[in-house]
Amino acid sequence: MVVCDFNLDSMLFDIPAEVILNSSRPEISLSEFNTVFGADCWISCFGALPHLDREEEQKGLMIVNMAVVSAHDVADMKCPYGMPVMRGSLFIIDPGIGHSLIDKESFFNRDKSRGFIGLQWEVKRDELAAEVKSIIENIESEAGVKAIHRKNIDSRYVGLVS
Amino acid sequence: MIIGDFWLPYVQIPKAVHSKAEFCEVYLHKQDVPFTADTWMSCAGALPHIDRSESDEDLLIATLCVKGSHFFGDEQMVNGRLIEPGTLFIVDPGAVHWMFDNKAFHKQERPGRFISVQWEIYRKNFNLGLFGVIKQLESISGQDIHWRCHDVRYPTHDEYVNFKKAGK
């Protein structure tokens, strides 16, 4: 779930065309092409219904995401009503806990969902705190902005940001 | 989760229930409910949620689908199961659960209507309450239930068969 936000409104991202295209497709797409902030890949989809990522879970990985284009809410079984994710929101997904990424407004209005585009890092579960710290420092330094910590941070991740 | 499937006779759906099923919010309707069920329920889908008041009352909800082709999932069965007319399934209101028309979601189309009737059963009397519902539905449909339950939280087919035998 969301740990902090960066004000990246004035930052221009050079998002690869295929990543933009894939944000209107039903499957989650990953692309390692031309990432920024040291991310492993771009992730794009128009949304994801509740699901588990067994492969990442078995590898002992946690997933860190930073939204670049989003009108979505991220939710998981321990936080079922979710948290809003906007451009610059950094959030953590536990692949072994059912999770979803849904554009709630389009869901209730029965419109087409808007696309989601993010940057993704896969980190070892037992190195999560150090990795998140390093990702935050890297974004702060490259984007020249300070992380804004969420007040209602998920209790599971309270110790991760100071 | 899923208990099993029945062949269902034609059921008259009240207009309000039908029209409210267009929206992605759960609508309950307590009039003209068939099969001695407690209420009609309709929606086009439901985001993950908990039903706190039913959970506080220690209720489980037996739900019989009358219209729809939706996936129902809960925290113990994240990938969900397809629910179609005649499917009887259990909702634990205290467990995170949801309902989506997955096919429409993936095609970015408007979700179809989901309409069901439901029975509220106290958890402490759950097996007996559920077996009563199944027995009634078997009698209405004229056929035995096609049992599909493989969920450790809920009774087995053998337990139901024993219940029926004991009743004779």
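Biologist: Why is A:Met11 called partly exposed?

Modeller: This is a predicted model, and the label rests on a count of neighbours. A:Met11 has 15 other C-beta atoms within 10 Å. A residue is buried at 20 or more and exposed at 12 or fewer, so A:Met11, with its 15, is partly exposed. A:Met11 belongs to the loop between β1 (2-5) and α1 (17-22) of chain A. Its C-alpha atom is separated by 30 Å from that of A:Pro95, 84 residues apart along the chain.

Biologist: What makes A:Ser70 buried?

Modeller: For A:Ser70 the count is 24 other C-beta atoms within 10 Å. The cut-off for a buried residue is 20 or more, and therefore A:Ser70 is buried. A:Ser70 is placed in the loop between β5 (61-69) and β6 (72-76) of chain A.

Biologist: With which residues is A:Ser70 in contact, leaving aside its neighbours within four places in sequence?

Modeller: They are A:Val85, A:Met86, A:Arg87, A:Phe116 and A:Gly118. As for A:Gly47, 23 residues apart from A:Ser70 along the chain, the two C-alpha atoms are separated by 9.8 Å.

Biologist: What can be said of phi and contacts for B:Gln108?

Modeller: Phi of B:Gln108 is near 60 degrees, which is likewise positive in a residue other than glycine. B:Gln108 lies in the loop between α3 (102-107) and β10 (114-122) of chain B and is partly exposed, with 15 other C-beta atoms within 10 Å. Its contacts, apart from neighbours within four places in sequence, are A:Phe46, A:Lys112 and A:Ser113.

Biologist: How many residues of each chain take part in the contact between chain A and chain B?

Modeller: In chain A, 18 residues are in contact with 19 residues of chain B. On the side of chain A, the elements giving two or more residues are β4 (48-51), β9 (99-102) and α3 (104-109). The residues of that side divide into 11 nonpolar, four polar and three charged.

Biologist: How do you know that the radius of gyration of chain A agrees with that of a compact globule?

Modeller: For 162 residues, a compact globule would have a radius of gyration near 15 Å; chain A has 15 Å, so the value agrees. Chain A has four helices and 11 strands, and its C-alpha atoms fill a box of roughly 40 × 35 × 30 Å along the principal axes. Of its residues, 41% count as buried.

Biologist: What makes chain B as compact as a globular protein of its length?

Modeller: Chain B has five helices and 11 strands. Its radius of gyration is 15 Å, close to the 15 Å that the globule rule gives for 168 residues, so chain B is as compact as a globular protein of that length. Buried residues make up 39% of chain B.

Biologist: Why is α4(B) described as roughly perpendicular to α5(B)?

Modeller: The axes of helix α4 (residues 126-141) and helix α5 (residues 157-167) of chain B come within 11 Å and cross at roughly 75 degrees. Angles of 65 to 115 degrees count as roughly perpendicular, so α4(B) is roughly perpendicular to α5(B). B:Asn127, B:Phe131, B:Ile134 and B:Lys135 in α4(B) meet B:Glu159, B:Tyr160, B:Phe163 and B:Lys164 in α5(B). These residues divide into four nonpolar, one polar and three charged.

Biologist: Which residues of the largest nonpolar core touch the most other members?

Modeller: Of its 84 residues, they are A:Val3, A:Val64, A:Leu90, A:Phe91, B:Ala62, B:Phe89 and B:Ile90. Strand β5 (residues 59-67) of chain B gives the most to this core, with seven residues. Leaving aside neighbours within four places in sequence, B:Ile90 is in contact with B:Met1, B:Ile3, B:Leu60, B:Ile61, B:Ala62 and B:Tyr154.

How values were computed. Residues numbered from 1 in each chain as written. Chains lettered and ligands numbered in written order. Predicted model: local features only at pLDDT ≥ 70, side-chain atom pairs only at ≥ 80, totals over all residues. Rg over C-alpha atoms; globule rule 2.2 N^0.38 Å. Axes fitted to C-alpha atoms, helices over the stretch in contact; angles between N-to-C directions. Parallel < 35°, antiparallel > 145°, perpendicular 65-115°, else oblique. Contact = placed C-beta atoms within 7 Å. Nonpolar A, V, L, I, M, F, W, Y, C, P; charged D, E, K, R; others polar. Core = buried A, V, L, I, M, F, W, Y, C linked by C-beta atoms within 7 Å.
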